[in-house]
Every structure is written in structure tokens, then in C-alpha cells.
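Me: I have a structure open and want to talk it through. Can you start with the charges?

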Amino acid sequence: MTLLEQPQGTLTLQTLSMPADTNPQGDIFGGWLLSQMDIAGAVLALEIAQGRVTTVAVSGMKFLHPVPVGSLVSCYSLLRGIGHTSIKVGIEVWIKDFKTHQRIKVTEGEFVYVAIDEQSRKRPIRG
């Protein structure tokens with residue numbers, strides 16, 4: 001990662017990391033970050049699918065840097081592909097540390113969502 005690297009995609013979720021979300025070492029728990037990424041990716045997938053979606057796969061997860069409590073956590077979502085019923089979304093998480101004002105990419109991964117109907121069955125994505 002270079003100092004000139006910028007987030008890829010659209011800002012789809014932003015929140016603050018809180019003390020209740022820490023691991024035993026005092027950093028933000030990776031599972032909390034994963035859930036924020038899932039929400040962020042679903043925001044983009046919902047717009048594309050124009051209805052309900054469900055997460056079916058997560059791959060390529062990389063935890064690059066610990067997240068301190070009190071950081072501004074920003075999730076960026078980038079469309080990577082649309083299938084007949086599925087949507088592939090790349091997600092990056094960047095933080096801003098309010099003490100140092102530094103922005104750092106801390107996590108990245110790829111999520112796959114499937115469009116579903118009211119009975120939770122796969123449905124085609126409207127074109």
C-alpha cells in the first residue's frame with residue numbers, strides 16, 4: 001500500500017469503532033469488521049437487485065492492519081460482476097484515526113450476494 005492509494009468503489013457504510021467491539025487485545029474484533037463489510041456490500045447489491053439479497057460467499061479476506069477504538073470506519077463497495085441471480089462485490093475498509101488524522105486501508109474482501117424472492121428462492125436480477 002502506497003501513501004497515494006485511495007479507496008476503490010463507493011462509500012456505502014460509515015461508523016465509529018466502539019469499545020464494546022474489541023477483542024482481548026483491545027483492538028476491534030475482526031468479526032465486527034466482517035459484519036460491517038457484509039452490510040456495506042448488501043447496500044450496493046440491494047440497489048442492483050432492486051429487492052432482497054442474501055450473502056452466499058465471502059472470499060479473499062485480508063486483515064491488513066488492526067483497528068483502534070474510536071476510529072472512523074469507512075466501507076467502500078465496488079461492483080465486480082453480475083450474474084443471472086448473483087452479484088459480486090469487492091469491499092475495502094479504511095479508517096481514519098482521529099489522533100493522527102492518518103487514513104489506512106485495514107481490510108479487503110469479496111462478497112457474493114444472490115437475489116431472492118419473498119419465499120427466499122433465487123430470482124433473476126432485473127435488467
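Me: How many positive and negative side chains does the chain have, and how far apart are the centres of the two sets?
Reply: The chain carries 12 positive and 11 negative side chains, with the centres of the two sets 5 Å apart. Lys and Arg count as positive, Asp and Glu as negative, and His and the chain ends are left out. Each charge is placed at NZ of Lys, CZ of Arg, CG of Asp or CD of Glu.

Me: What kind of model is this, and what pLDDT do local features need?
Reply: This is a predicted model, where local features need pLDDT of at least 70 and side-chain atom pairs count only at pLDDT 80 or more, while totals for chains, interfaces and linings use all residues. Residues are numbered from 1 along each chain as its sequence is written, and side-chain values use heavy atoms, with hydrogens and water left out.

Me: OK, the fold. Which pattern does the chain follow along the sequence?
Reply: The order is β-α-β-β-β-β, made of 1 helix and 5 strands. Helices (H or I, at least four residues) and strands (E, at least two) are DSSP runs, numbered from the N terminus. The radius of gyration is 15 Å, close to the 14 Å that the globule rule gives for 127 residues, so the chain is as compact as a globular protein of that length. That radius is taken over C-alpha atoms, and the rule is 2.2 Å times the number of residues to the power 0.38.

Me: What does the C-alpha trace span along its principal axes?
Reply: About 45 × 30 × 20 Å.

Me: And how much of the chain counts as buried?
Reply: 40% of the 127 residues. Buried means under 20% relative accessible area, exposed over 50%, and partly exposed in between (1.4 Å probe, protein chains only).

Me: What share of the contacts comes from residues 24 or more positions apart?
Reply: They account for 69% of the contacts with a separation of 6 or more. Contact means heavy atoms within 4.5 Å.

Me: Now the core. Which residues touch the most other members of the largest nonpolar core?
Reply: Leu33, Val67, Val73, Ile87, Ile91, Val93 and Tyr113, out of 26 residues in that core. The elements giving two or more residues to this core are α1 (30–49), β3, β4 (86–96) and β5 (103–115). The largest share, 9 residues, comes from α1. A nonpolar core here is a set of buried Ala, Val, Leu, Ile, Met, Phe, Trp, Tyr and Cys residues joined through side-chain atoms within 4.5 Å.

Me: Take Ile87. What is Ile87 in contact with, leaving aside neighbours within four places?
Reply: Ala45, Ile48, Ala49, Leu79, Gly81, Phe111, Val112, Tyr113 and Ile125.

Me: Where is Thr85, then?
Reply: Thr85 sits in the loop between β3 and β4. Thr85 counts as buried because its relative accessibility is 16%. Not counting residues up to four places away in sequence, Thr85 touches Tyr113, Val114, Ala115, Lys122, Arg123, Pro124 and Ile125.

Me: Back to strands. Is Glu92 buried or exposed?
Reply: Glu92 is buried, at 10% relative accessibility, and lies in strand β4. Beyond four places in sequence, its contacts include Gln6, Pro7, Gln8, Tyr76 and Lys105.

Me: Where does Gln6 lie?
Reply: Gln6 is in the segment before β1 (10–16). With a relative accessible area of 45%, Gln6 is partly exposed. Apart from neighbours within four places, Gln6 is in contact with Glu92, Trp94 and Arg103.

Me: Last one, backbone. What is the phi of His101?
Reply: About 65°, a positive value although His101 is not a glycine. His101 is in the loop between β4 and β5 and counts as exposed at 55% relative accessibility.

Me: And what about the phi of Ser120?
Reply: Phi of Ser120 is near 65°, again positive in a residue other than glycine. Ser120 is in the segment after β5 and is partly exposed, at 47% relative accessibility.
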